[in-house]
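Please look through the structure below before reading the numbered points.

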Amino acid sequence: MTFYKEKIMATNKINQIQQQYMQTYGNRQQYLWRYYSGDKSVIPVYKRTAASPLKEKTHTNVHVNYFSDIIDIKQGYMFEKIDIELRDERARDLFDDMKKETSMRIKNSETGELTSVSGLSHRLCYTEDGIFKIKNLQGWQVVYEYENDIYDPDYAYYFYSIKPIDDQEPINYCNVYDRENVYYFVERKEDKKGKIVSQGANTTTSYIPVGEPQPHNFNQVPITPMKNNSLMQSDCEDSVGLMDVYDEVISDTAGELKAARLAYLKIYGDIYTGEDANGEPISLPDYIRDFGTMLFGVDDLGNNLGDAQFLEKKLDDTAIENHLNRMRQHIYEVSGSVDIKEALSAERVLSVKASLMRLENNAKTSENYMRRGLEKMISLWVYFIEETEGVQLSTSDFEITFTRVFPQDTQAQADMLLKLSAVLPLEDALRLSGYEDAREIAERQDDEGDVAGIFNQEVTDE
């Protein structure tokens with residue numbers, strides 16, 4: 001039984017699938033991506049308004065984009081050097097051409113970004129004019145239907161929108177992939193009378209099939225998930241709240257510093273300002289400006305009925321700095337990242353080790369899932385090349401290598417090596433400092449005598 005025959009009786013299932021996913025995971029993934037991208041409509045600090053008109057001049061909204069920094073560090077650390085090599089010479093040129101045609105290195109880096117931000121992304125493999133191509137998709141765009149293995153689904157539902165040039169309302173589509181074909185659906189909106197409308201309050205939506213199904217030229221569903229971890233969570237899933245608090249504190253501090261330039265007058269008690277020529281009470285600012293004094297009077301016992309004094313604003317710089325530094329530290333810790341500022345601090349040798357362990361463990365987890373996704377992509381290309389070129393290959397003929405690259409300059413690399421060598425074996429210290437030939441350098445330790453000599457020799461060799 002074809003997909004159309006199975007689904008034509010309930011095309012709203014596609015709509016239900018999307019809605020259920022968006023309510024559970026999709027909306028959160030979309031929110032995290034918009035937050036990372038600096039969308040002011042979702043970042044809480046940008047939504048703050050002044051508590052009162054008197055606060056308007058000193059009200060401040062400041063956003064520090066730690067989210068972007070954390071993702072950029074991980075992306076540079078583990079996603080910039082992913083090498084996929086084919087050991088079988090028969091199709092090596094074809095594979096190299098495919099990597100070049102698809103901009104594989106850029107696509108892998110982009111996958112790392114999408115996955116780290118939202119916790120999940122997807123890779124679509126397709127053919128166009130007989131050429132193998134790939135496309136990265138956002139996490140909320142694809143939903144899988146499978147029994148045992150998400151990497152071997154029965155169906156994949158790919159949702160996307162296209163905005164016509166002459167129309168304000170985007171059109172929603174869904175391409176459904178099974179193991180052989182791709183089926184096309186478009187969202188239709190109807191009013192209560194069944195008339196097709198573009199939008200409205202009392203409308204129902206459903207996806208209807210359009211066109212004919214087309215073979216996608218593969219032997220399995222050609223979309224694969226790229227998971228960040230087993231829970232499909234963003235690196236910043238649990239630290240966004242800390243970022244919001246940091247923004248609030250630094251914004252309030254900036255506002256208080258601006259307010260320190262103003263003079264605050266505190267008045268308490270009852271004050272009589274009198275009436276103007278029209279019999280209306282004179283406003284307090286006008287009264288102070290015109291008369292330059294305030295009359296509160298005294299009670300029967302001679303006690304003042306009120307008073308006025310100027311207030312002096314004082315900020316505890318040390319407390320504010322300690323609070324911000326503590327939150328900054330927690331943001332990087334919760335995100336499984338490393339604070340470059342702290343890592344390069346000469347006094348924090350142990351924190352360097354701990355920070356790098358967090359980043360390395362985070363990277364290892366993502367690497368396992370990234371490798372699984374790349375292996376699925378390779379299996380699709382192996383099938384494609386066998387069908388088009390008649391060359392039989394095995395996925396075991398491919399080698400995937402992830403090379404960690406810690407972002408730093410030469411001086412920072414030297415500092416990092418000297419610090420790590422105090423708490424780690426030299427080979428590990430060299431590797432974490434960014435030396436690809438760490439073992440070879442470490443073996444020269446006996447001849448060179450100390451770490452500094454090894455480092456200086458390495459710099460000279462370069």
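1. This is a predicted model. Of the 462 residues in the protein chain, 41% count as buried.

2. The protein chain has 15 helices and 13 strands. Take the contacts between residues at least 6 apart in sequence: 63% of them join residues at least 24 apart.

3. Which residues touch the most other members of the largest nonpolar core? They are Phe67, Phe132, Leu374, Met377, Trp381 and Leu393, in a core of 71 residues. Helix H10 (residues 349–389) gives this core its largest share, twelve residues. In soluble globular proteins, nonpolar side chains tend to be buried together.

4. Leaving aside residues up to four places away in sequence, Trp381 touches Ala91, Leu94, Phe95, Met98, Phe132, Leu393 and Phe398.

5. Glu237 lies between strand S10 (223–227) and helix H6 (240–259). Is Glu237 buried or exposed? Glu237 counts as buried because its relative accessibility is 18%, and the cut-off for buried is under 20%.

6. Beyond residues up to four places away in sequence, Glu237 touches Arg28 and Leu32. With Arg28 there is also a polar contact between the two side chains, at 2.9 Å.

Methods. Residues are numbered from 1 along each chain as its sequence is written. This is a predicted model: local features need pLDDT of at least 70, side-chain atom pairs count only at pLDDT 80 or more; totals for chains, interfaces and linings use all residues. Side-chain values use heavy atoms; hydrogens and water are left out. Helices (H or I, at least four residues) and strands (E, at least two) are DSSP runs, numbered from the N terminus. Buried means under 20% relative accessible area, exposed over 50%, partly exposed in between (1.4 Å probe, protein chains only). Contact means heavy atoms within 4.5 Å. A polar contact is a pair of N or O atoms within 3.5 Å; within protein, one must be able to donate a hydrogen and the other to accept it, and residues adjacent in sequence count only if both atoms are side-chain atoms. A nonpolar core is a set of buried Ala, Val, Leu, Ile, Met, Phe, Trp, Tyr and Cys residues joined through side-chain atoms within 4.5 Å.
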